[in-house]
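I opened my notebook to record what I looked up in this structure, one topic at a time.

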Amino acid sequence: MKHDPALSEKLIDGKAIARRLTDRVKAEAETLRERTGKIPGLAVVLVGDDPASEVYVRNKAIQTHRAGMRSFMHMLPETTSQDELLELIARLNADPQIHGILVQLPLPKQIDPILVTNAIAPHKDVDGLGEVNAGRLSLGIDGLVPCTPLGCLILLKETLPALRGLHAVIIGASNLVGKPMAQLLLKEGCTVSVGHIDTKDARALAREGDILVVATGKNGLVRGDWIKPGATVIDVGITRIALPDGKTRLVGDVAFDEAAPVAGHITPVPGGVGPMTIACLLHNTLQAARQILENGQDGTGRSEQTP
Ligand SMILES: Nc1nc2c(c(=O)[nH]1)N[C@@H](CN(C=O)c1ccc(C(=O)N[C@@H](CCC(=O)O)C(=O)O)cc1)CN2
(Lines give C-alpha, C1' and ligand atoms only; values in the text may rest on other atoms or scores of the structure.)
Protein backbone atom coordinates (compact mmCIF):
# COMPACT_ATOMS: atom_id res chain seq x y z
CA MET A 1 0.00 0.00 0.00
CA LYS A 2 1.26 3.55 -0.87
CA HIS A 3 2.15 5.91 2.00
CA ASP A 4 -0.97 7.87 2.90
CA PRO A 5 -0.57 10.58 5.58
CA ALA A 6 -4.28 10.39 6.41
CA LEU A 7 -3.87 6.66 6.99
CA SER A 8 -1.02 7.05 9.45
CA GLU A 9 -3.28 9.30 11.56
CA LYS A 10 -5.86 6.52 11.71
CA LEU A 11 -3.43 3.87 12.89
CA ILE A 12 -3.62 2.85 16.54
CA ASP A 13 -0.01 2.27 17.55
CA GLY A 14 -0.23 -0.75 19.85
CA LYS A 15 3.54 -1.05 20.02
CA ALA A 16 3.98 2.46 21.44
CA ILE A 17 1.06 2.13 23.87
CA ALA A 18 2.36 -1.28 25.04
CA ARG A 19 5.84 0.20 25.56
CA ARG A 20 4.43 2.94 27.78
CA LEU A 21 2.44 0.42 29.84
CA THR A 22 5.48 -1.86 30.18
CA ASP A 23 7.64 1.08 31.34
CA ARG A 24 5.04 1.88 33.99
CA VAL A 25 4.90 -1.75 35.13
CA LYS A 26 8.70 -1.82 35.35
CA ALA A 27 8.81 1.30 37.55
CA GLU A 28 6.04 -0.06 39.80
CA ALA A 29 7.71 -3.48 40.08
CA GLU A 30 10.86 -1.72 41.23
CA THR A 31 8.87 0.22 43.85
CA LEU A 32 7.32 -3.05 45.03
CA ARG A 33 10.79 -4.61 45.31
CA GLU A 34 12.01 -1.66 47.40
CA ARG A 35 9.00 -1.93 49.72
CA THR A 36 8.91 -5.73 50.12
CA GLY A 37 12.34 -7.02 49.05
CA LYS A 38 10.51 -9.36 46.66
CA ILE A 39 10.51 -9.58 42.86
CA PRO A 40 7.28 -10.49 41.02
CA GLY A 41 7.60 -13.91 39.35
CA LEU A 42 5.68 -15.22 36.33
CA ALA A 43 5.55 -18.92 35.36
CA VAL A 44 4.68 -19.69 31.73
CA VAL A 45 3.90 -23.25 30.72
CA LEU A 46 4.05 -24.40 27.11
CA VAL A 47 2.94 -27.91 26.17
CA GLY A 48 4.05 -29.09 22.74
CA ASP A 49 6.01 -27.44 19.95
CA ASP A 50 3.58 -25.17 18.10
CA PRO A 51 5.96 -22.66 16.44
CA ALA A 52 3.71 -19.61 16.97
CA SER A 53 3.24 -20.47 20.66
CA GLU A 54 7.01 -20.88 21.03
CA VAL A 55 7.48 -17.33 19.69
CA TYR A 56 4.84 -15.94 22.06
CA VAL A 57 6.21 -17.60 25.20
CA ARG A 58 9.78 -16.59 24.33
CA ASN A 59 8.61 -12.99 23.91
CA LYS A 60 6.76 -13.20 27.22
CA ALA A 61 9.98 -14.30 28.98
CA ILE A 62 12.02 -11.50 27.34
CA GLN A 63 9.46 -8.83 28.25
CA THR A 64 9.11 -10.18 31.81
CA HIS A 65 12.87 -9.76 32.33
CA ARG A 66 12.76 -6.29 30.73
CA ALA A 67 10.08 -5.26 33.20
CA GLY A 68 12.36 -6.27 36.09
CA MET A 69 10.38 -9.39 36.97
CA ARG A 70 11.38 -13.07 37.20
CA SER A 71 10.39 -15.48 34.45
CA PHE A 72 10.03 -19.23 35.00
CA MET A 73 9.56 -21.20 31.77
CA HIS A 74 8.25 -24.76 31.67
CA MET A 75 8.46 -26.36 28.22
CA LEU A 76 6.70 -29.74 28.25
CA PRO A 77 6.49 -32.33 25.44
CA GLU A 78 3.40 -32.69 23.22
CA THR A 79 2.68 -36.07 24.88
CA THR A 80 2.33 -34.57 28.40
CA SER A 81 -0.73 -35.99 30.15
CA GLN A 82 -3.38 -33.85 31.80
CA ASP A 83 -2.40 -35.26 35.22
CA GLU A 84 1.24 -34.32 34.69
CA LEU A 85 0.23 -30.77 33.80
CA LEU A 86 -2.10 -30.56 36.82
CA GLU A 87 0.76 -31.72 39.09
CA LEU A 88 3.01 -28.96 37.74
CA ILE A 89 0.27 -26.36 38.30
CA ALA A 90 -0.19 -27.56 41.90
CA ARG A 91 3.56 -27.05 42.48
CA LEU A 92 3.46 -23.57 40.92
CA ASN A 93 0.38 -22.66 43.00
CA ALA A 94 2.35 -23.50 46.17
CA ASP A 95 5.60 -21.77 45.12
CA PRO A 96 6.03 -18.42 46.95
CA GLN A 97 8.44 -17.12 44.27
CA ILE A 98 5.64 -17.30 41.69
CA HIS A 99 2.87 -14.70 41.67
CA GLY A 100 1.43 -15.40 38.22
CA ILE A 101 0.86 -18.59 36.24
CA LEU A 102 -0.07 -18.84 32.56
CA VAL A 103 -0.62 -21.96 30.49
CA GLN A 104 -0.16 -21.12 26.83
CA LEU A 105 -3.11 -21.99 24.57
CA PRO A 106 -3.93 -23.96 22.51
CA LEU A 107 -3.17 -27.18 24.41
CA PRO A 108 -2.77 -30.64 22.83
CA LYS A 109 -6.06 -32.51 22.43
CA GLN A 110 -5.56 -34.90 25.40
CA ILE A 111 -5.74 -31.90 27.77
CA ASP A 112 -8.95 -30.07 28.73
CA PRO A 113 -8.11 -26.32 28.71
CA ILE A 114 -11.00 -25.39 31.03
CA LEU A 115 -9.97 -27.95 33.65
CA VAL A 116 -6.38 -26.75 33.47
CA THR A 117 -7.13 -23.01 33.69
CA ASN A 118 -9.43 -23.70 36.64
CA ALA A 119 -6.59 -25.53 38.43
CA ILE A 120 -4.58 -22.29 38.61
CA ALA A 121 -5.08 -20.57 41.97
CA PRO A 122 -7.40 -17.59 41.25
CA HIS A 123 -4.96 -15.10 42.82
CA LYS A 124 -2.19 -16.32 40.42
CA ASP A 125 -4.48 -16.60 37.35
CA VAL A 126 -2.85 -13.76 35.39
CA ASP A 127 -4.62 -14.88 32.21
CA GLY A 128 -7.95 -14.25 33.99
CA LEU A 129 -9.46 -17.31 32.30
CA GLY A 130 -10.43 -19.36 35.36
CA GLU A 131 -14.02 -19.45 36.56
CA VAL A 132 -13.38 -17.21 39.59
CA ASN A 133 -11.90 -14.33 37.59
CA ALA A 134 -14.32 -14.86 34.68
CA GLY A 135 -17.19 -14.79 37.20
CA ARG A 136 -15.87 -11.62 38.79
CA LEU A 137 -15.68 -9.96 35.38
CA SER A 138 -19.23 -10.98 34.50
CA LEU A 139 -20.46 -9.54 37.82
CA GLY A 140 -18.52 -6.32 37.26
CA ILE A 141 -16.26 -7.04 40.27
CA ASP A 142 -12.53 -6.23 40.05
CA GLY A 143 -10.31 -9.23 39.35
CA LEU A 144 -7.63 -10.41 36.95
CA VAL A 145 -8.85 -9.63 33.44
CA PRO A 146 -7.84 -11.63 30.32
CA CYS A 147 -4.85 -9.94 28.69
CA THR A 148 -6.00 -9.52 25.07
CA PRO A 149 -9.41 -7.96 25.84
CA LEU A 150 -7.79 -5.76 28.49
CA GLY A 151 -5.26 -4.65 25.87
CA CYS A 152 -8.06 -3.90 23.39
CA LEU A 153 -9.89 -1.84 26.01
CA ILE A 154 -6.77 0.21 26.71
CA LEU A 155 -6.33 0.85 22.97
CA LEU A 156 -9.96 2.00 22.73
CA LYS A 157 -9.59 4.31 25.74
CA GLU A 158 -6.42 5.81 24.25
CA THR A 159 -8.20 6.39 20.93
CA LEU A 160 -11.71 7.56 21.77
CA PRO A 161 -12.73 10.43 24.06
CA ALA A 162 -15.51 8.31 25.65
CA LEU A 163 -16.93 4.82 25.25
CA ARG A 164 -20.25 5.25 27.09
CA GLY A 165 -23.26 4.94 24.80
CA LEU A 166 -21.32 3.66 21.80
CA HIS A 167 -22.46 0.51 20.01
CA ALA A 168 -19.65 -2.04 20.24
CA VAL A 169 -19.86 -5.05 17.94
CA ILE A 170 -17.60 -8.02 18.67
CA ILE A 171 -17.17 -10.66 16.00
CA GLY A 172 -16.08 -13.90 17.70
CA ALA A 173 -17.35 -15.31 20.99
CA SER A 174 -14.33 -17.17 22.39
CA ASN A 175 -13.61 -17.50 26.11
CA LEU A 176 -10.18 -15.96 25.44
CA VAL A 177 -11.33 -12.76 23.72
CA GLY A 178 -14.95 -12.29 22.59
CA LYS A 179 -16.81 -13.06 25.83
CA PRO A 180 -14.53 -11.14 28.23
CA MET A 181 -14.36 -8.25 25.71
CA ALA A 182 -18.16 -8.04 25.80
CA GLN A 183 -18.13 -7.91 29.62
CA LEU A 184 -15.47 -5.18 29.68
CA LEU A 185 -17.31 -3.02 27.15
CA LEU A 186 -20.62 -3.49 28.96
CA LYS A 187 -18.90 -2.25 32.12
CA GLU A 188 -17.78 0.84 30.14
CA GLY A 189 -21.38 1.63 29.23
CA CYS A 190 -21.32 0.43 25.62
CA THR A 191 -24.26 -1.27 23.96
CA VAL A 192 -22.69 -4.61 23.07
CA SER A 193 -23.53 -7.08 20.30
CA VAL A 194 -21.61 -10.32 19.79
CA GLY A 195 -21.56 -12.05 16.41
CA HIS A 196 -20.39 -15.66 16.14
CA ILE A 197 -20.22 -18.62 13.81
CA ASP A 198 -24.04 -19.02 13.71
CA THR A 199 -24.86 -15.33 13.28
CA LYS A 200 -27.07 -15.03 10.19
CA ASP A 201 -25.70 -11.78 8.77
CA ALA A 202 -22.42 -10.91 10.48
CA ARG A 203 -21.67 -8.24 7.89
CA ALA A 204 -24.88 -6.33 8.66
CA LEU A 205 -24.21 -6.63 12.40
CA ALA A 206 -20.60 -5.44 12.03
CA ARG A 207 -21.75 -2.38 10.06
CA GLU A 208 -23.70 -1.19 13.10
CA GLY A 209 -20.61 -0.93 15.28
CA ASP A 210 -19.14 2.41 16.30
CA ILE A 211 -16.53 0.06 17.71
CA LEU A 212 -15.74 -3.19 15.90
CA VAL A 213 -13.59 -5.82 17.60
CA VAL A 214 -12.77 -8.81 15.41
CA ALA A 215 -11.40 -12.04 16.91
CA THR A 216 -12.32 -14.99 14.70
CA GLY A 217 -9.01 -16.49 13.57
CA LYS A 218 -10.20 -16.22 9.93
CA ASN A 219 -7.78 -13.97 8.12
CA GLY A 220 -9.33 -11.28 5.94
CA LEU A 221 -12.90 -12.18 6.97
CA VAL A 222 -13.97 -8.59 7.59
CA ARG A 223 -14.03 -6.62 4.34
CA GLY A 224 -14.31 -2.89 3.76
CA ASP A 225 -18.12 -3.05 3.39
CA TRP A 226 -18.41 -4.57 6.92
CA ILE A 227 -17.21 -1.30 8.47
CA LYS A 228 -19.42 1.59 9.54
CA PRO A 229 -17.75 4.76 8.17
CA GLY A 230 -15.66 6.33 10.93
CA ALA A 231 -15.76 3.25 13.19
CA THR A 232 -12.86 2.27 15.44
CA VAL A 233 -11.67 -1.17 14.33
CA ILE A 234 -9.66 -3.46 16.61
CA ASP A 235 -8.23 -6.46 14.80
CA VAL A 236 -7.29 -9.27 17.21
CA GLY A 237 -6.59 -11.86 14.51
CA ILE A 238 -3.07 -12.88 13.64
CA THR A 239 -2.26 -15.45 10.96
CA ARG A 240 1.08 -16.11 9.29
CA ILE A 241 0.57 -16.57 5.54
CA ALA A 242 3.05 -17.86 2.97
CA LEU A 243 3.92 -15.51 0.09
CA PRO A 244 4.80 -16.65 -3.46
CA ASP A 245 8.45 -15.58 -2.93
CA GLY A 246 8.77 -18.08 -0.06
CA LYS A 247 8.61 -15.39 2.66
CA THR A 248 5.78 -15.12 5.22
CA ARG A 249 3.61 -12.24 6.38
CA LEU A 250 1.38 -11.69 9.40
CA VAL A 251 -2.21 -10.69 8.61
CA GLY A 252 -5.29 -9.99 10.69
CA ASP A 253 -8.96 -10.96 10.51
CA VAL A 254 -9.69 -7.60 8.87
CA ALA A 255 -8.82 -6.93 5.21
CA PHE A 256 -6.73 -3.91 6.19
CA ASP A 257 -6.36 -2.24 2.78
CA GLU A 258 -10.16 -2.20 2.32
CA ALA A 259 -11.05 -1.37 5.92
CA ALA A 260 -8.56 1.42 6.64
CA PRO A 261 -10.05 3.99 4.20
CA VAL A 262 -13.52 3.48 5.76
CA ALA A 263 -12.53 3.28 9.44
CA GLY A 264 -11.95 6.27 11.69
CA HIS A 265 -9.20 4.39 13.53
CA ILE A 266 -7.76 0.93 13.02
CA THR A 267 -5.13 -1.35 14.56
CA PRO A 268 -2.46 -2.77 12.26
CA VAL A 269 -1.31 -6.41 12.29
CA PRO A 270 1.42 -6.75 13.44
CA GLY A 271 1.93 -3.88 15.88
CA GLY A 272 -1.63 -3.48 17.15
CA VAL A 273 -3.24 -5.79 19.69
CA GLY A 274 -0.39 -8.37 19.91
CA PRO A 275 2.08 -6.21 21.86
CA MET A 276 -0.74 -5.15 24.23
CA THR A 277 -1.42 -8.79 25.14
CA ILE A 278 2.08 -9.16 26.55
CA ALA A 279 2.10 -5.72 28.23
CA CYS A 280 -1.20 -6.58 29.96
CA LEU A 281 0.24 -9.90 31.11
CA LEU A 282 3.04 -7.97 32.83
CA HIS A 283 0.46 -5.59 34.30
CA ASN A 284 -1.58 -8.52 35.64
CA THR A 285 1.53 -10.19 37.09
CA LEU A 286 2.38 -7.00 38.96
CA GLN A 287 -1.22 -6.74 40.25
CA ALA A 288 -1.14 -10.36 41.44
CA ALA A 289 2.26 -9.87 43.13
CA ARG A 290 1.04 -6.70 44.87
CA GLN A 291 -2.04 -8.43 46.23
CA ILE A 292 0.02 -11.32 47.55
CA LEU A 293 3.01 -9.36 48.88
CA GLU A 294 1.39 -6.18 50.19
CA ASN A 295 -2.07 -7.29 51.22
CA GLY A 296 -1.28 -10.93 51.98
CA GLN A 297 -4.33 -11.77 49.95
CA ASP A 298 -4.88 -15.01 48.19
CA GLY A 299 -7.73 -13.97 45.96
CA THR A 300 -10.41 -12.60 48.24
CA GLY A 301 -11.43 -8.98 48.44
CA ARG A 302 -8.91 -7.82 45.86
CA SER A 303 -9.23 -4.51 44.11
CA GLU A 304 -7.24 -4.44 40.89
CA GLN A 305 -7.44 -1.41 38.70
CA THR A 306 -7.55 -1.18 34.93
CA PRO A 307 -4.37 0.74 33.93
N1 LIG B 1 -2.82 -18.55 27.72
C2 LIG B 1 -2.93 -17.78 26.63
N3 LIG B 1 -2.75 -18.31 25.42
C4 LIG B 1 -2.89 -17.50 24.33
C5 LIG B 1 -3.16 -16.12 24.48
C6 LIG B 1 -3.35 -15.62 25.78
O7 LIG B 1 -3.66 -14.41 25.99
N8 LIG B 1 -3.22 -16.46 26.83
N9 LIG B 1 -3.21 -15.29 23.36
C10 LIG B 1 -2.79 -15.78 22.07
C11 LIG B 1 -1.34 -15.60 21.71
N12 LIG B 1 -0.60 -14.54 22.39
C13 LIG B 1 -0.34 -14.65 23.69
O14 LIG B 1 -0.17 -15.69 24.25
C15 LIG B 1 0.03 -13.49 21.64
C16 LIG B 1 -0.23 -13.27 20.32
C17 LIG B 1 0.46 -12.28 19.60
C18 LIG B 1 1.42 -11.50 20.22
C19 LIG B 1 2.24 -10.49 19.51
O20 LIG B 1 3.01 -9.79 20.11
N21 LIG B 1 2.11 -10.39 18.20
C22 LIG B 1 2.93 -9.48 17.41
C23 LIG B 1 3.62 -10.26 16.30
C24 LIG B 1 4.51 -11.35 16.82
C25 LIG B 1 5.15 -12.19 15.71
O26 LIG B 1 6.05 -11.70 15.06
O27 LIG B 1 4.72 -13.35 15.52
C28 LIG B 1 2.05 -8.40 16.83
O29 LIG B 1 0.84 -8.63 16.64
O30 LIG B 1 2.58 -7.33 16.57
C31 LIG B 1 1.67 -11.72 21.56
C32 LIG B 1 0.98 -12.69 22.26
C33 LIG B 1 -3.07 -17.27 21.92
N34 LIG B 1 -2.73 -18.01 23.09
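**Ground rules.** I number residues from 1 along each chain as its sequence is written. I am reading a predicted model, where local features need pLDDT of at least 70, side-chain atom pairs count only at pLDDT 80 or more, and totals for chains, interfaces and linings use all residues.

**Ligand.** I looked up the shell around the ligand and found 19 residues, the closest being Tyr56, Leu105, Pro270, Gly274 and Thr277; a residue is near a molecule if its C-beta atom, placed from the backbone, lies within 6 Å of it. Helix H11 (273–294) supplies at least two of the shell residues, as does strand S3 (100–103), and the largest share, 4 residues, comes from H11. I took helices (H or I, at least four residues) and strands (E, at least two) as DSSP runs, numbered from the N terminus.

**Strand pair.** I noted that S1 (residues 41–47) and S2 (residues 70–76) run parallel and are joined by 7 bridges, where pairing requires that DSSP finds at least two bridges. Ala43 stands opposite Phe72 in S2.

Over residues 146–291 the chain is 35% helix and 19% strand.

Is Lys200 buried or exposed? Lys200 counts as exposed because it has 7 C-beta neighbours inside 10 Å, the cut-offs being 20 or more for buried, 12 or fewer for exposed, and partly exposed in between, with C-beta atoms placed from the backbone. Lys200 lies in the loop between strand S5 (191–195) and helix H9 (202–206).
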